[in-house]
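Open the model in your viewer and keep the sequence panel beside it. The stops below say what to select next and what is there.

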Amino acid sequence: MVSISLCMIARNEEKNLGRCLASVAGAVDEIIVVDTGSTDNTCQIARQYGARVQSFLWNDNFSDARNAALELATGDWVLVLDADEELAGESIPVLRRRVAEAGVEGYFMKIVNYIGGETGTELCPDMVFRLFRNRPGYRFHGLIHEQIADAVASNGLEKCVIAEDLVIVHYGYLDKQLEEKNKKERNLLLARKELALKPDDRALRYHYGVELHRAGQFREAAEELTKAANGLDPRTVYLPKLLRYIVISYYHAQMYEHALHMVDFAAKLFPDYADLYYYGGLASHDCQEYGQAYRFFEQALATPEQSLCYASYAGMRGFRAHHYLGRLAEMFCNEEEALGHYIASLRDNSSFSVALEAIVRILRPREDAAYARQALEKLFDFSSPAAGSLLVHIFFRQAAFPLALQYIEQIAAVRQLPAEMAIWQAICLMQQRRFHEARRILDGFTAEHPLYPMVKWNKLIYFWLQGNRAKVRVVGDELFALGLSEDTGAMVGLVKNSLGKKKAPPVALGDEGVSILMDTAMRGLDFGVGEQVQALFAGLSEQCLSDNAEKIGDLCYRFGHPEFAETYLKIAARQAPQAAAVYYLLAEIKRETGAHFEAEGFYRQAIALDPKQPGYYIKLTGLYETMRRQVLEQATRQYPEIPAFRSLLEEAATQP
Amino acid sequence: MKPTVCLAMIVRDEAAHLAACLDSVKGMVDEIVVVDTGSADDTAAIARRYTDRVYHYRWDGDFSATRNYALSHCSSQWILSLDADEQLAPGPTGLRELITGNPERETFFLPLYSYKEGASYDRFLVLRLFRNKPEYRFRGKVHEQIPLSRPEAVGIAAAPVILHRPCGRKERNRKRNRNLNLLKAALAEDPADCCLKYYLGAEWYGLGKTAKALPYFSEAYAGLIHEEELLFRTAAVRHLTACLTAGRRWEEALCICLAEVARYPAYTDLLYDGGLILEEQGEYEAAARWFQAAAAAGPPPPEFYHTNGTESFLALYHLGYCQEKLGRPRQAGRYYQQALAADSGYTPPLFRLFMLLLANTPARDMVGTLQAAGFLARREWAEELAGLFFSAGYPGEARACIEQAQFPDLTDAKFLVYGGQPGKAPACLAGNAAGAGELIVALILAGDLAGAKQQALRLWRDSGRRGMAVAYLNLISLAVRGRLAVRPEKSGEAAVIQTALAIFDNCLRGPGSVGQEGYSRLAALAGELLTQLSADGCRALAEYLQAKAEAARRAVDFRHGVRRLYQCAQE
C-alpha cells in the first residue's frame, strides 16, 4: 500500500493539536511534528498521537521549518496540515484512493474556512497545495508565504490536480487574519526584501501584491499584481484569484476604468467566475453606469457553482449580488423587482440584515402596519428573539412605532427586555398616546442607571409631545443639572423654546445636536404636532437652517407635510443650486400635489444637474403620461362625440 | 505659344445653373460655344451674356450628335466639355498650364467632385479636356464618350477639379427618367457593353431603386475585368456592395469587399464600405478594425472611384460610433474629435460628442468643457452647438454658448426668451419683425400683459400671421380673465395650434430652477389654450406629451439600456 506521512510545524498549539491529530487517525501512516519552541504541552500531545517530534530552532523562516519536517518523512506521499486545521472525516477514504493514482505528483485540496464576518459565520472555501509525493526535489521556499506547488509543478503543470473531495477544515481563520493584519507592516517589508532578491519570481510578486492590498496600498497592489500576471501560464492555478485581486485593487483605488478593463480581460479566460462580474458591477455602479452594473450582477447570478480554484467569496452569486440588483431596481423605480431581489438575498443569507431593512422599507410599515407584518411573516420566520430583535431595530429606525412595539412585546413575553429596548418600548407607547404605560416604564429607571440621561430626555419629549410647557421647563432644567454637552444643551433649549411665546435667540447646532433634532422632529411629525416641529426649526439660526434644509425638507416630505417640505427644499436649492436630489424632491412634491408643470421643470432641473440618475427620467416619463391622460380626460368630457379620445384614454389606463 | 481652349456645352432649361458655370471658367478659356436644344426658359439669353456663339439644335435623342454639333463650331486647339450644373474649381494649375506642362498628352481626365447632401463628395475621373481633332469626337447616344486609341496620349490630372452640385430631386428624377429610356435603347443595340450596364444601374440607384440597380451593377462588375476599365470597375463594385447592403445581403457584400481589397489593397473606400456593412449588422468590434484600416490607408489613387472622407473624417466618425456602441464613450469622444479636426465642416461627430457629453455631464458644466476643448472657437461649431443645446432643452446653455464663443450676431432671441433672460430679448429683437412672437412671449414672462397685448394686436393686422396673433391674444386673455378671448375661424385654427404648441414646447425647455416658475405658468396657459380651443388642439397636445414621454424613456435607454427594468415600473 502507498504510505502517507503527515508533516506539521507547531508552536504552543496544545489547544488545537489534539483535534487535528485525531482527525487523521487511520488516514496517515506516519506523523512528524517539528516544534519551533513550544512552552506548553504541544510536544506531549503530539507524542500521545504517536508523532515523531523534532525540535527546530526558529529562524524567522517558515520554509526552513517545514522542510525540516519533510526531511524526516519516510512515506511515499506527504500531507501537510496546520494545528488549527483538521482533515474532514469523509476525506479519509478519498485520500487513500487519490495517492494510489498514477501520473499525479500532487493535489490541491479544498480548505473550508470558518470566519466570522459581518453577516455571521460564512464558509469561505479556497484551495491549498498540501498533498504531494515525497521527493527530495520538492521543498518549500519563501520566507512568509512558503510554497512548494511550483517546485512540484516544474515536472508538469498537469501533474498537479485539483481534488475538491479532499477537504481540510480550518478554524480560527479570523484570528489568523487579524494576526496577519498586525504583522502587515513586517510582512510587507519581508516580501519586498525577498522580491528584491528574486525579481522574476511571479508567485512571490503575487504574494507581495496581496500584502500591499491588505495594507490598503491599492494602486501599488494592482500594479504589482498585474506584473505578476503578465505572461503567466494560463493554467496556473492561482491565476483566477490573482486576476480578481487586480480587479478589487483597482476598484478600491477608485480606478474604475482599469478595474472594468481587467474584468473584461479576466472574464474571457474565466467566463464563469462570479466574483469578476460582481466587482465589475460594483465598479460600474460607482461610476454611475447603472445599466451596465445591473447586467454585471445578473451575470454574476447566472454563473454556475464556483470552481474551487476561484475561491469565490460568499454571496457573489447570491445574497450580495441580489442586494445590489435590488438597489439598482429601486433606482430604476421598479420596487417590485427590487423586492424580489431583496427577498432572494435574505433567503440566501438569513443574517444579511441590509436586505431585511430594504424589504421593510419597501413594505412601508408606517402606512399599513398590518400588511407589512403579514407580508414579512409570510416570507420569513421571526419567532426567535434574535430575529425579532433585529426587526425591532429596523422598525424603530424607520419610525414604524406600532410594529416595533408589537415585536418588543413579543420579546418581552419570553424574556426580560434589555434596558435600551425598554426605553424604546416607552417611546413606542408615547408615540401611540399610551402615556401612562410609557410613564411607568420611564419612572422605573433610577438616577443611578447608566441610561438615566436618555430616560430623562425621553421624559422631556414625553411632555413636549403633550404640549406641557411647564413640565418641559422643569424636566429641561433637571436635564441641564445632569451636565449635558453643549450641543445637547442647545437642543434642550430649543425644545423648551418651541413651546414658549417669546422669541429666543437663534440656535446653531453641531452634528450631534442636528441628529437629535432630526430624531425629535421625526417623532413630533409622527405624533402629529407639526406646528411644534416647525417651531423647533424656526429656532435655528439662518445658517444652521439652510445647512440642514435638505434633510429637514426630506423629513417633512416623508412624514406627510409637503407644504413645509417645499419651503425648506427651496431654501436648500438656494443654498446649493447644484443639488439634484433637492430638485428631485421638489418635483415629487409638486407632482403629488398636482402642480404638474412645476414638477416638470424641477425634474428637468434635476436631470440637468445629475444626468446619470435613471429615476429622474423615469419619473418624468410617468409625469408626461399623467399629463397626457389629463388632456385626454378633458377632451373626452369636452368632445363626447369624438370616440377616439375615449379609446385613447382607456388604452392609456391599461398601460402599466 | 499659349494653347487656345474652347468650352463646349449643350444645354436645355439650365437658367438656374448656367451663369455659375460660365463664371467659373472666366479667364480660363478663349472661346465659348453653347448649343441649346430647346430651352423654354432664359438659358439662351444667359448664355448670350457670355458669348455670341450660341446655337440651336433640334433634340433628336442623341447626345453624341448634339455634342459633336457643338464641337463643329469650335475653332480653338483644345476642347473643354462641361455640363451646366458643373463648375470648374480654381486650383493650383489652370487648364493652360496643364496642357503646356504635358506636351505629349492629347486628352486629359479631370477629377470630378460630385457633392452629396452634407460635406462629403464622390470623386471620380472624367475625360473632359481633349485636342480639337477629328478623331476626338463623341460616340454613344447617351453617356457619350470620346474614344481613346492611344493610351500614351492620355493624361490624368489632379487639377483643375470639376465640381458637381446636387440639383433638386424633381429635376434630377426628370433627367434620370429620360436617361433610363435612352440607356435601355442603347443597351438593346449593344447588349455586351458593361459601361452602359453600369450607367443603367447608376440611374436606378439614383432613383432609390436598389433592387432594380443590383443586376446591372452585378453584370458590370463581372464584365469589367481589364485594368484600363478600373474607373468603371471601382464605381461598379462600390455601388454593387451598396445595393447588396440595402437588400440586407450583408454576407455577399462583405465577400466582395474582401475580394476586392485583396486585389486592390490601396482602395480605401472598400475598407470603409466593409466597415459600414459590419456596423449595420451590429458587429462593432470588427467594423472598428475596418474603419481603422481605412483611416490608416490614406486616399486611393485618382483612377479609383472615391468618396471623400472615407480615408479620414468619415472613417474616424464611424470608428467613434462603434466605440460608443461598444460602451467606450471616452475612446468614442477621441475619434469624434479627430474627425472634426480632419474636416470641420462635417458636423455629425459634433452631434454625437454633444450627446455623449450630455448623457454624462451636468448641462451647465458642458459649455465650459466645450469651450476648453476649443469647440466654441469655430463659428459653425458654436452655431451648431447652440442649436443642439436649445433642442436638447437647454436654452440658457445655448445662450452661454454664443456668449462664450463671442459671435454675438449668432444670438437667437429664443435663447434669451426661454433661457431665463426674457428681459434682454426686446433689445435683441428691435426692428426684427420676424421675432414678433418671441417679443410677445418675453413680455408675458416679464408680466407686462398690456404690452404683450399691444404687440399681439399689431401682429393681428398682418393677415399672414393672424393665426399667431389669435394664439397670443388668447394666452393673454387666459392669463387675465381665465377664458379665451377670440375663437379663430376653422381655416386659421391650425396656425393657432402650431403657435401654442411651439410656446408649450419652448416653455418645457425653460430653466426649471427655483425662482423661474414663470415658464411653468406659461406652459400651463398654452396647454389650457390647446385643450379649450378644439379637439384638434387636444389631439396635438396629447400627441406632443406622448412624444415627450417616449423621448425621456429613450434618454434612459441611451444611457443605461436596461429597458425591461423600467418599462414595467411606470406609474
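Helices (H or I, at least four residues) and strands (E, at least two) are DSSP runs, numbered from the N terminus. On that basis, select chain A and you will find 33 helices and 8 strands. This is a predicted model, in which local features need pLDDT of at least 70 and side-chain atom pairs count only at pLDDT 80 or more, while totals for chains, interfaces and linings use all residues. Residues are numbered from 1 along each chain as its sequence is written, chains are lettered from A and ligands numbered from 1 in the order in which they are written, and side-chain values use heavy atoms, with hydrogens and water left out.

**Stop 1: the two chains**

Stay with chain A. Its C-alpha atoms fill a box of roughly 95 × 75 × 45 Å along the principal axes. Of its 656 residues, 57% count as buried, where buried means under 20% relative accessible area, exposed over 50%, and partly exposed in between (1.4 Å probe, protein chains only). A contact means heavy atoms within 4.5 Å. Among the contacts in chain A with a separation of 6 or more, 63% are between residues 24 or more positions apart.

Now select chain B, which has 26 helices and 10 strands. Its C-alpha trace spans about 85 × 55 × 45 Å along the principal axes. Chain B has 571 residues, and 55% of them count as buried. For contacts in chain B between residues at least 6 apart in sequence, 62% join residues at least 24 apart.

Colour by pLDDT, the predictor's confidence in each residue, from 0 to 100. Chain B has a mean pLDDT of 89, with 99% of its residues at 70 or more. Where pLDDT is low, the predicted coordinates should not be read in detail. The model as a whole scores ipTM 0.80 and pTM 0.79.

**Stop 2: the interface**

Show both chains and select the residues in contact across them: 54 from chain A and 52 from chain B. Buried area is the accessible area (1.4 Å probe) that two parts lose on being put together, summed over both. Here chain A and chain B bury about 4400 Å² between them, 58% of it on carbon and sulfur atoms.

How many salt bridges are there between chain A and chain B? The count is 4, a salt bridge being a side-chain nitrogen of Lys or Arg within 4 Å of a carboxyl oxygen of Asp or Glu. To see one, select Glu257(A) and Arg330(B), whose side chains meet in a salt bridge at 2.8 Å, N to O. On the side of chain A that touches chain B, the elements giving two or more residues are α13 (290-302), α29 (562-575), α30 (580-592), α31 (596-609) and α32 (614-638). Select α32(A) next: it gives the most to that side, with 16 residues.

**Stop 3: salt bridges**

Across all chains, the whole structure holds 63 salt bridges. Select Glu598(A) and Lys590(A), which pair at 3.5 Å, N to O. Glu598(A) counts as partly exposed because its relative accessibility is 23%, whereas Lys590(A) is buried, with a relative accessible area of 9%.

Move to chain B and select Asp30(B) and Arg96(B), a salt bridge with its closest N and O atoms 3.1 Å apart. This pair links distant parts of the chain, 66 residues apart: Asp30(B) is in the loop between α1 (18-24) and β2 (31-36), and Arg96(B) is in helix α4 (residues 95-101). Asp30(B) is partly exposed at 42% relative accessible area, while Arg96(B) is buried at 16%.

Then select Arg465(B) and Asp462(B), which form a salt bridge with the closest N and O atoms 3.1 Å apart. Both are partly exposed, Arg465(B) at 22% relative accessibility and Asp462(B) at 34%. For a network, select Glu566(A), Lys570(A), Lys590(A), Glu598(A) and Glu517(B), joined by salt bridges that share partners.

**Stop 4**

Select Leu70(A), in helix α3 (residues 62-72). Leu70(A) counts as buried because its relative accessibility is 2%. Leaving out residues up to four places away in sequence, Leu70(A) touches Cys7(A), Val78(A), Phe132(A), Asn134(A), Tyr138(A), Arg139(A), Phe140(A) and Ile148(A).

Finish at Arg523(A), in helix α25 (residues 511-527). Arg523(A) is buried yet has no salt bridge. The nearest side chain of opposite charge (Lys and Arg count as positive, Asp and Glu as negative; His and the chain ends are not counted) is Asp519(A), 4.4 Å away.
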